[in-house]
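Trainee: I have the sequence and the coordinates open. Could we go through them together, beginning with the strands?

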Amino acid sequence: MRDVERLLRLVEKPGRYVGGEYNAVKKDWEKVKVRVAFAFPDVYEVGMSHLGLQILYAIVNGRPDALMERVFAPWPDMEALLRAERIPLFSLESRRALSDFDILAFTLQYELTYTNVLNMMELGGVNPLAAERRESEPLVIGGGPCAFNPEPLAVFFDLFVLGEGEEVVHELLDAYIRARQEGKGRQEFLREVAAIDGVYVPSFYEVRYQEDGRIASVRPLYPGIPEKVTKRVVANLDKAPFPVRPVIPWVEAVHDRGMIEIFRGCSRGCRFCQAGIIYRPVREKSLERLLVQGRELAKNTGYEEISLTSLSSVDYSRLLPLVDGLSETFAPDKMNISLPSLRADAFAVEIARRLQEVRKGTLTFAPEAGTQRLRNVINKRVTREELLRAVEAAFASGWLRVKLYFMVGLPTETEEDLDGIAALTGDVLRVGEECGVRGKLRVTVSVACFVPKAHTPFQWEPQAPRTVLAEKIRYLKRRLKDRRIDFDWHDPEMSMLEAVFARGDRRLGAVLLGAWRRGCRFDGWREHFSLARWLEAFAAAGLQPEDYAQRRYAYGEVLPWDHIDVGVSREFLIEEHQRAYRGEITPDCRWEKCVACGVCPAFGVAPVLAEEDGLVSLPDHLS
């Protein structure tokens, strides 16, 4: 594409747009039958840290009849140049406009990237509105965690893929190639693929509303279209493809390290956590498979660090032999092994000590709430004593810095719970002093605002008003004055908008379109977020953000995402919601009894653990 090289000299980080990285794949367009652009609606550094991109990139480019190229949201300096020069947004591998591709596939990781989705489409020459797209324009697909409530984006996407993509991507590509060969148009193709498990075509469903604005029903428009769309689950991760030749970014990524996925799912059951629901059940990879993947990853990259990734990596059942085996493998190259997060217990610290004997960075723990009462409400099974023992072990092993994650605005929260955050932070400082850590002792307290998410036990809960959340944060700032404490927090205004789109329905499409046309971009970045523009867009659409973020939904109410089936039953979520108000703990089904959430019988799968004799399923969960 002409003039691109000239533009690269005028932007802040040209490495974001160059392409040609080590392990990148550039295929001949004339030798494939389908061309896919994987679109990440944030900057290159964020997108290149996403393991899902690397997995799908390797899968599609492993097919002789298909190619996949990458495109990321251009930073405002690059967007301005593209518009001024009338150059369409292009992929990194071939520098072709997005409109040249057959399929434009967006990963939807975070609600505040939605305006970037529309911006990337329009910049690439693709009409953002699905109903107005020409036959010659790409098919626009969405996937990722936000696709589990796809309704706010329904008018912009041709289809969504719900769940894990390793298998369904082949089914979609095969169907697309067949449809092209048979001369079928977009609508015929969509009717065909709507029958594939995990594929949701929003234009085939009608949403009816009651007079008060609540949803009356969501129903399919045509025979053969399922009333509920079920997510896809990969039963055996050992057999699933995994990229051991990942693309190595030019610009330092947010997570600048190699990644080995050790398992999927989480059975801890935190009641605010959407990922813990939508990725059930737990499926571990075998120790042997992970050691092979680790060796291959080390051989094919120049990374100095490999991260063992999952929702709760310390819970991997054979973590000690895995760490020992990888440490022996990586020792000659002096590669480090890291974990993305730790449980608040001494075992986790011992694992961290083994992994980072040379580099003592910051250990991160997530107690989430300041009191045991509130931790019981959210089913966070960690006590003050366990956290302090873990912190003591960390300081005794040479760490000087600890990070603590909390949330404010959780259901039933009181001022006493906020005081508990300050008290627990003070306890951590005291333990550090007792361990002899003096001048360099640092504790970072990071506070997020509670956002009710679809498919969780707290999906019916309202979010606290943004003014209330802001006051809670100010209260904590007054309580956390010690010079050894670094305090950071998430903007309540941004959290409010996140809640709106996490719980929203199709009517929000007009708001999103209006906000984008008013210049909203990179809403997840504080320096670009503009609540004023968003409020203008809500007013123009005749909607109020508070009606989505702050309304308590009733159990019997039709929720915008009720036609999306993640396998966990509504009855279980209601029971969990009621347990929360009783302060009752729900056990971890991986180590204790089955909690009857419904996911295993729904998909004919069971939790899979890595034992000494190989992978072992727990068949009693299917009963």
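This is a predicted model: local features need pLDDT of at least 70, side-chain atom pairs count only at pLDDT 80 or more; totals for chains, interfaces and linings use all residues.

Trainee: Which residue of β13 stands opposite Glu-261?

Mentor: Opposite Glu-261 stands Thr-309.

Trainee: And which way do the residues of β10 point?

Mentor: Gly-258 and Ile-260 point one way, while Met-259 and Glu-261 point the other way. In a regular strand, side chains alternate between the two faces of the sheet.

Trainee: Are those four buried or exposed?

Mentor: All of them are buried, Glu-261 included.

Trainee: Next topic: what is the order of strands in the open sheet of four?

Mentor: The order is β15-β16-β17-β18, and the pairing is parallel. The edges are β15 (362-368) and β18 (485-489); each has a single partner strand, so one side of each is left without a neighbour in the sheet. On average, neighbouring strands are turned by 20 degrees against each other, direction ignored.

Trainee: How many bridges join β16 to β17?

Mentor: Eight bridges join strand β16 (residues 401-408) to strand β17 (residues 442-449). In this pair, Arg-401 stands opposite Arg-442.

Trainee: Which helix packs on the sheet?

Mentor: That is helix α16 (residues 466-479), which touches β16, β17 and β18. The direction of α16 makes about 175 degrees with that of β18.

Trainee: Switching to cysteines, how many disulfides are there?

Mentor: The count comes to zero. Take Cys-520: the nearest cysteine sulfur, that of Cys-146, is 17 Å away. A disulfide requires sulfur atoms within 2.5 Å, so Cys-520 is in no disulfide.

Trainee: Why does Cys-520 count as buried?

Mentor: Cys-520 has 1% relative accessibility, and buried means under 20%, so Cys-520 counts as buried. Cys-435, by contrast, is partly exposed, with a relative accessible area of 29%.

Trainee: Finally, which residues have the most contacts inside the largest nonpolar core?

Mentor: They are Phe-106, Met-121, Phe-157, Leu-159 and Trp-534, in a core of 134 residues. Helix α7 (residues 165-181) gives the largest share, eight residues.

Trainee: What does Phe-106 touch?

Mentor: Leaving aside residues up to four places away in sequence, the contacts of Phe-106 include Ala-39, Pro-41, Met-121, Val-140 and Phe-157.

Trainee: Where does the core of 64 residues lie?

Mentor: That core lies apart from the largest one, and among its residues are Val-282, Val-314, Ile-351 and Val-428.

Key:
Residues are numbered from 1 along each chain as its sequence is written. Side-chain values use heavy atoms; hydrogens and water are left out. Buried means under 20% relative accessible area, exposed over 50%, partly exposed in between (1.4 Å probe, protein chains only). Helices (H or I, at least four residues) and strands (E, at least two) are DSSP runs, numbered from the N terminus. Two strands pair if DSSP finds at least two bridges between them. Axes are lines fitted to C-alpha atoms, for helices over the stretch in contact, and angles run from 0 to 180 degrees between N-to-C directions. Contact means heavy atoms within 4.5 Å. A nonpolar core is a set of buried Ala, Val, Leu, Ile, Met, Phe, Trp, Tyr and Cys residues joined through side-chain atoms within 4.5 Å.
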